[in-house]
Amino acid sequence: MLFNSYIFIFLFLPSVLILYYYLTQKGWSSAAIGWLALSSLLFYAYWRPVYVLLLIISILGNFAIGRVIIVQKLSANHSRKADLAKIWLILGLLLNLTVIGYFKYAMFFCENLSAVTGIPLNIHSIVLPLGISFFTFQQIAYLVDVYKGRITDTRLLHYFVFITFFPQLIAGPIVQHHEIVPQLEKKKNEAHFFSTNLLVGLTIFSMGLFKKVVLADSVAAFSTPVFKAAAQGLVPATVEAWGGALAYTFQLYFDFSGYSDMAIGLGRMFGLFLPINFYSPYKSKSIIEFWRRWHITLSRFLRDYLYIPLGGNRKGPFRRYIHVIVTMLLGGLWHGAGWTFVIWGGLHGLYLAINHAWRSLRRRLGNDRQDHSGLLSGLSQVITFLVVVVAWVFFRAENITSAMRIIKSMFLIECPILPQALSGRIGVLEAWLSAHGVLMTGTSIIPLSRWAIGMPLIILLLCISWFLPNLYEIMADYHRLDSPPQPNTSRWSLPIQWHPTRLAALITAFAAFVALMSLNTVNEFLYFQF
């Protein structure tokens, strides 16, 4: 079931909310939490009921292993008990990694092994369970936290909701135990909070829906054809290559940002605060800052449960760079079983290593690593944005070959090509371009008349992501944000604050109305494939 569907918005969500509010108002908090667990399973079953069994087995298995570890740790008055706890932790991690490895990477592994050895390895098609990467990572983090003594007790019902809560079950944010379970444990009669939670939650949800349906789905019409054409062997013109890459850059941002907003808004409707996943990432002045703003909960997981256990920055600068690159390579592989994702992760690992090395060099030279000069700050933002765009080409492309077709065209590696449709339309400029080696032989993948709409749309989305405050800055007075992921240092960001006024209600209603009227076709969220 998709958040951007009529059945979810007009049937599922109101039904779950009404009964949840009724049970909570009566003071039956356990029944309300149980209803959340049941409705989350129904939400998941709508896609493919058979995988509900996999989800339940995964939850019960991890909960049981966690309980065993807790018991072993509490009674660990000698080394044997501590060793047993560690053995159970390793067993739990191996079971989780085996499940995700089979469903997500078995076909990829067999295909590559066959290509290397020449031995045909036939494996039947495997349907990837929705959200398996997200709920598996949450449970891995849970087991590690139990082993480290950060969690000493959890009720099964609370754990069930912690994993299955439908707003974040399919595509995150990747929540941690301490962010959800304490909120569930404090659930009592919350009738006096219903109006505030519902109002703020509906506002955030409506804005997220607008981002997805109106912005992301609209600009997708200018990214999908370019990448499909490249996969079919066509070389896009330089302008179209950049247009397609930029269109996907904003499609992915507003699609996933919209989903995350909708998830947080839904959580708030139930009185639960989910962690923020996006915080104006395209305003970043460095790749380090970008990963503090983009997919924040994944970055946190990779840092806490992979980068730091590998050694982090504790073993010298060279090892630190290796750890960063390895972490990002695995982060890329987490996104998908394909070499394009590995290259994307490797690029970001290389970017981060260079960024850390540059900061270290500046410190040795006695320079402050934070430069507040307007020109240099703007240049840093542009460079960061451009290298992110280049990496997104590999993230989106169907294979490495098609990605390289787009990259070569973008950076004029072979020769600059403009669409053939421009021939005879640009006067003396055509002769000048031809004299300088520019060819008018490019295939027009998208008609020029449509680019007349596409280019202004891309520019508009760039301005929104660069110059407007994000939703959580706008709603800072009404949505808890204990520690902003990164301060907004933009000199051009407009000061806009949300308050529950008639004007705010009209703007929210208008955004929701436009989004609902645009739901003529329901498109999946891009991160559902991960």
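**Setting values against cut-offs**

Biologist: What makes His295 count as buried?

Modeller: His295 has 0% relative accessibility. Buried means under 20% relative accessible area, exposed means over 50%, and partly exposed lies in between (1.4 Å probe, protein chains only). At 0%, His295 therefore counts as buried.

Biologist: How do you know which residues and atoms count here?

Modeller: This is a predicted model: local features need pLDDT of at least 70, side-chain atom pairs count only at pLDDT 80 or more, and totals for chains, interfaces and linings use all residues. Residues are numbered from 1 along each chain as its sequence is written, and side-chain values use heavy atoms, with hydrogens and water left out.

Biologist: What is the phi of His295, and where does the residue lie?

Modeller: Its phi is positive, about 45°, although His295 is not a glycine. The residue is in the loop between H12 and helix H13 (296-310). A helix here is a DSSP run of H or I with at least four residues; strands are runs of E with at least two; both are numbered from the N terminus.

Biologist: Is Ser280 buried or exposed?

Modeller: Buried, because its relative accessibility is 4%. Ser280 also has a positive phi, about 50°, without being a glycine. Its loop runs between helix H11 (238-269) and helix H12 (287-293).

Biologist: How does the length of H5 compare with the expected value?

Modeller: Helix H5 (residues 132-147) has 16 residues and reaches 23 Å from first C-alpha to last. The expected span is 1.5 Å times one less than the number of residues. That expectation is 22 Å, and H5 comes close to it. H5 is also mostly covered, with 15 of its 16 residues buried. Just after H5, Gly149 takes a positive phi of about 85°.

Biologist: How many aromatic pairs are there?

Modeller: The structure holds 55 aromatic pairs. One of them joins Phe12 and Phe43: 5.8 Å centre to centre, 45° between the planes.

Biologist: Why is the pair of Phe12 and Phe43 called tilted?

Modeller: Rings of Phe, Tyr and Trp (its six-membered ring) pair if their centres lie within 6.5 Å; planes under 30 degrees apart count as stacked, over 60 as edge-to-face, the rest as tilted. With 5.8 Å and 45°, the rings therefore pair and are tilted. Phe12 lies in helix H1 (residues 6-25) and Phe43 in helix H2 (residues 29-45), so the pair ties together parts 31 residues apart in sequence. Both Phe12 and Phe43 are buried.

Biologist: What places the charged end of Arg450 over the ring of Phe222?

Modeller: NZ of Lys or CZ of Arg must be within 6 Å of the ring centre and within 35 degrees of the ring normal. The charged end of Arg450 sits over the Phe222 ring, 5.3 Å from its centre. Arg48 lies over the face of Trp47 at 5.5 Å from the ring centre.
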